[in-house]
Amino acid sequence: QVQLVESGGGLVQAGGSLRLSCAASGRTFVDYYMGWFRQAPGKEREFVARITPTGAMTYDRDSVLGRFTISRDNAKNTVYLQMNSLVPEDTAVYYCAAAQYPNLNWKYWGQGTQVTVSS
């Protein structure tokens, strides 16, 4: 089992920034892809970004590329999502997830953290 706990969400004005954190425990952190997903009200959960155990990053090209940055600190068992130039459309619950490398089966999920961007 992997336990994931997100933090760092909140209310921010358009154009602002937030950094989300996700602390992992329970298994060897470096064995896992880590990812961020989000779900806006009335919409399906969507992929935002993922990072391999060694730091290679993939982003959802259309919505966040160039504004969001995913990173991880393997010594702290933590993955981050730096979000800049936020827009109201980024409003959602953001979820951290883990998949055992090299398979992209997102088996473990956090409880989510709310991000609200006001216009």
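Predicted model: local features only at pLDDT ≥ 70, side-chain atom pairs only at ≥ 80, totals over all residues.

Me: What makes the phi of Ser85 worth a remark?

Reply: Most residues other than glycine have a negative phi. Ser85 isn't a glycine, yet its phi is positive, about 50°.

Me: And why is Ser85 called partly exposed?

Reply: Its relative accessible area is 41%. Buried means under 20% and exposed means over 50%, so with 41% Ser85 counts as partly exposed.

Me: What about Asn77, where is that found?

Reply: Asn77 is in the loop between β7 and β8. Its phi is positive at about 55°, and it's not a glycine either.

Me: How do you know that the bond joining Tyr101 and Pro102 is cis or trans?

Reply: Look at omega: it's about 10°, and the peptide bond is cis. Most peptide bonds are trans. Pro102 is found in the loop between β9 and β10.

Me: Which residues touch the most other members of the largest nonpolar core?

Reply: Leu4, Met34, Trp36, Leu81, Met83 and Tyr94, out of 30 residues. Elements giving two or more residues to this core include β3, β4 and β9. A second, separate core has 5 residues, among them Phe37 and Trp106.

Me: What is Leu4 in contact with, leaving aside neighbours within four places in sequence?

Reply: Among others, Cys22, Met34, Cys96 and Trp109.

Definitions and conventions. Residues numbered from 1 in each chain as written. Heavy atoms only, no water. Core = buried A, V, L, I, M, F, W, Y, C linked by side-chain atoms within 4.5 Å. Buried < 20%, exposed > 50% of the residue type's maximum accessible area, 1.4 Å probe, protein only. Helix = DSSP H or I, 4+ residues; strand = E, 2+ residues; numbered from the N terminus. Contact = heavy atoms within 4.5 Å.
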